[in-house]
Amino acid sequence: MTAVLEQARTALARVSGCDLRVPLVQGGTRAYANFDYAASAPALERVTDRIAELLPYYASVHRGAGYASRISTDCYEAARGSVSRFLNSADDQVVVFTRNTTDALNLLAACVPGDTVVLDIEHHANLLPWTRRGRRVVPAADTVEETIRRVVAELCAKPAALLAVTGASNVTGEVLPLDRLAAVAHQCGARLLVDAAQLAPHRRIDLCATGIDYLAFSGHKLYAPFGAGVLVGRRDWLDAAPPYLAGGGAVTEVGVDEVGWAPAPQRHEAGSPNVLGVAALAAACDALAALDERAVLEHERALTERLRAGLKAVAGVRFLRIWPDSPDSVGIVAFTVDGFEPGRVAAYLSAEHAIGVRDGRFCAHPLLARLGVDGALRASIGLGTGAAEVDRLVEAIAALVERGPAWNYARTAGQWNPVPETRPGLGGVAGAAPCSF
Ligand code: PLP
């Protein structure tokens, strides 16, 4: 088991910050245990190496004749191929570079020629953009099967252009059967968009095999935190829609009174692009595609199971789940601890144990309301996570329940913080400027 767990943490999958030590509120330092991959994952060292290699050649894209410009342009355009191979996209699917998933979904929302059907479990990024046209929200049922029946009923009752679903819930990690949803959408004359912000870092996605029409994800959750995201999808809607931004690069010809707009992807990429972000994203796609899929999956499953089993044994820990019959779940565990506010627990884990988790409502307010909680903790696992960190998290929660925190905590400026804050760089130490790194 240990061998399998460690196999995925080879040079191919090493992440930056894995040797990071951070200060503790009671003094001294400890190795940082990062359980916040679902928010933003650390960079793969392969990605940072690639950026370091490219930086000397960083120059204007598409418009320069100089050698560095040509290299930058080639890297930018070649990145579409990396994304396309990573997702096994179809010939009529184009790769449009965006800032992140939110940007990609807003772009598609401006292109959809009709209503969009969504579930009420979505991240706000896959809930709010569709209101611009017709958005119809289907409340998820208590099982995946019943939820799919409700989606079919909605799609049959009134035509919709798009069904937009999450690939993996950012709260519970639960995964929907995407091939079935694609089939259902197509039978009803709709297309399927998958918000893969959480799925892409954890599972191989095959657009051709599943029949997914559109897919969005963010580089910063895919071990490439340099500000680029992606929308991949069928060309016709993207070519027919008005350009996402009006400006240079999106045009074929401009007169004073008339404009010839370029087809996608250039149509939706006006302005100077984020060359390094896109190159980083491509490097992450290439690196993830080269990993041993089975080993990565086993590593994640073993650690997630270990975390669930450990927390389950702690009195007062309750897990958040949407469905009992979800076919799969990525390495995300959301939970509450009876008698302790999530924000206070997160502050305690950080200050006393050097453990980073996320707390709150995870930009999924309707889902949290459905689950009957107004906040929770979320521990998310990635390629740099090891069994020792999982055990540390479980032991820290058990110690909290048994003995309570060893420090004082208070809500200041809308967030729980240790009082006094003694860790350098966090603004609480006399004379230390905030963000002094
Ligand atoms: N969709 C899901 C499922 C997410 O988890 C997130 C971010 O947490 C987003 C969309 C938005 O991603 P971004 O902030 O990179 O645009």
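Predicted model: local features only at pLDDT ≥ 70, side-chain atom pairs only at ≥ 80, totals over all residues.
1. The domain assignment places residues 3-42 and 292-419 in domain 1, and residues 46-290 in domain 2. Domain 1 is therefore listed as two stretches of sequence, while domain 2 is listed as one. Taken over C-alpha atoms, the centres of domain 1 and domain 2 are 28 Å apart. To their contact, domain 1 brings 41 residues and domain 2 brings 36 residues.

2. What polar links cross this interface? There are 27 residue pairs in polar contact between domain 1 and domain 2, with both residues of each pair at pLDDT 80 or more. Five salt bridges are also found across the interface of the two domains.

3. Now turn to the face of domain 1 that touches domain 2. The elements that give two or more residues to this side are helix 10 (293-312), strand 15 (328-329), strand 16 (332-337) and helix 12 (365-370). Sorted by class, this side of domain 1 has 25 nonpolar, six polar and ten charged residues.

4. Next, the ligand. Which residues surround the ligand? They are N100, T101, T102, H123, A125, N170, D195, A197, Q198, S218, H220 and K221. Three of these residues are worth a look one by one. In the side chain of D195, an N or O atom is 2.5 Å from a nitrogen atom of the ligand. K221 has a polar side-chain atom 2.6 Å from an oxygen atom of the ligand. For T101 the atom concerned belongs to the backbone: a polar backbone atom of T101 is 3.3 Å from an oxygen atom of the ligand.

5. A search of the whole structure finds 29 salt bridges. One of them pairs E154 with R136, where the closest N and O atoms are 2.8 Å apart. Because E154 sits in helix 5 (residues 144-157) and R136 in strand 6 (residues 135-138), this pair ties together parts that are 18 residues apart in sequence.

6. Please also check two peptide bonds in the backbone. A264 and P265 are joined by a cis peptide bond, with omega about 10°. P265 is in the loop between strand 13 (259-261) and helix 9 (275-290). Another cis peptide bond joins V419 and P420, and here omega is about 0°. P420 belongs to the segment after strand 21 (415-419).

7. What is the phi of A354 near? A354 has a phi near 60°, which is a positive value in a residue other than glycine. To find A354, go to the loop between helix 11 (342-353) and strand 17 (355-356).

How values were computed. Residues numbered from 1 in each chain as written. Heavy atoms only, no water. Contact = heavy atoms within 4.5 Å. Salt bridge = Lys/Arg side-chain N within 4 Å of Asp/Glu carboxyl O. Polar contact = N/O pair within 3.5 Å; in protein donor to acceptor, adjacent residues only side chain to side chain. Helix = DSSP H or I, 4+ residues; strand = E, 2+ residues; numbered from the N terminus. Nonpolar A, V, L, I, M, F, W, Y, C, P; charged D, E, K, R; others polar. Near = heavy atom within 4 Å.
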